Amino acid sequence: MGKIVAANWKMNLRRESARALAAALAAQGRRCWLFPAHVLLPVTAQAVQGSSLKLGAQDLSPSEDGAFTGDVSGEMLADAGCELVLVGHSERRHGHGEDDALLLRKLQRAMAAGLKPLLCVGETAAQRSAGQAREVVAGQLIVLEKLETARRRGLCAVAYEPVWAIGTGANATAAQVQEMHRHARAVLETLGLGALPVLYGGSVNPANAGELLACPAVDGLLVGGAGLKLDSLSAIDDAALKA
Ligand code: PEP
């Protein structure tokens, strides 16, 4: 069956490079989840049509359609062919100051629009040094308590992404990942979400993917930089298929 591989393309690629990458992955019969920038959704949606790839957006508005200049609603994303949406990526939490109250509104809007959110959580380097990693991650997950049980089950996954490992080339060790995933799973169990996949993200590449995927508590990977090239994403997905 294999484990999940999700690629967050962030603010990268253009229509032709996104189309070509998605089309090549589709031709290889991959089942990855792709998260292109909003403007690249139509071309990527076309490329993944009829394939086993899933399409998602990187963010959504906490509001319904209306006077919200620059925002994109969940309904618009669903209309563009998205099934999934990232919520709470560290570049939104820390780069854009998005707090748990705002993220809860985004989760609610995503579900109302029929999208399946992938909630990202993770501690900063300072929080880890202060011994607060477990508490921070539990706090970010406990937000889900405010969603009705049926709604919570609409999530597609949670991603543990320590902020200090994202885009730094310094991935968390397998031991750190295993410990934090076990902890996240225990919190999710208290929310009735014990079966929800927990992905790891943070400087994953073809060289470290196998070791990270070998952790029993890792259900898959969320990949940033290494998800932008066919060779590296395919190699990571091959490792996930074997895991
Ligand atoms: C990410 O943005 O979710 C991520 C994990 O990035 P990278 O793989 O580049 O560290």
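How are α10 and α11 oriented to each other, roughly parallel or roughly perpendicular? The views below come from a predicted model.

**View 1. Helices α10 and α11 cross at roughly 20 degrees.** Helix α10 covers residues 206-213 and helix α11 covers residues 230-242, and their axes come within 9 Å. Angles under 35 degrees count as roughly parallel, and α10 and α11 are therefore roughly parallel to each other. Their crossing is right-handed. On the α10 side, the contact is made by Pro206, Ala209, Gly210 and Leu213. Helix α11 contributes Ser232, Ala235, Ile236, Ala239 and Ala240. Seven residues of this contact of α10 with α11 are nonpolar, two are polar and none is charged.

**View 2. Helices α1 and α2 pack at an angle of about 20 degrees.** The axes of α1 (residues 15-27) and α2 (residues 41-48) are 8 Å apart. The two helices, α1 and α2, are therefore roughly parallel to each other, and their crossing is right-handed. From α1, the residues in contact are Arg15, Ala18, Arg19, Ala22, Ala23 and Ala26. Those from α2 are Val43, Thr44, Ala47 and Val48. By class, the contact of α1 with α2 holds seven nonpolar residues, one polar residue and two charged residues.

View 3. A polar atom in the side chain of Lys10 lies 2.6 Å from an oxygen atom of the ligand. In the side chain of His89, an N or O atom is 2.8 Å from a ligand oxygen atom. For Gly167, a polar backbone atom is 2.6 Å from an oxygen atom of the ligand.

Key
Residues numbered from 1 in each chain as written. Predicted model: local features only at pLDDT ≥ 70, side-chain atom pairs only at ≥ 80, totals over all residues. Heavy atoms only, no water. Axes fitted to C-alpha atoms, helices over the stretch in contact; angles between N-to-C directions. Helix = DSSP H or I, 4+ residues; strand = E, 2+ residues; numbered from the N terminus. Parallel < 35°, antiparallel > 145°, perpendicular 65-115°, else oblique. Left-handed = near helix turned anticlockwise from the far one by under 90°. Contact = heavy atoms within 4.5 Å. Nonpolar A, V, L, I, M, F, W, Y, C, P; charged D, E, K, R; others polar. Polar contact = N/O pair within 3.5 Å; in protein donor to acceptor, adjacent residues only side chain to side chain.
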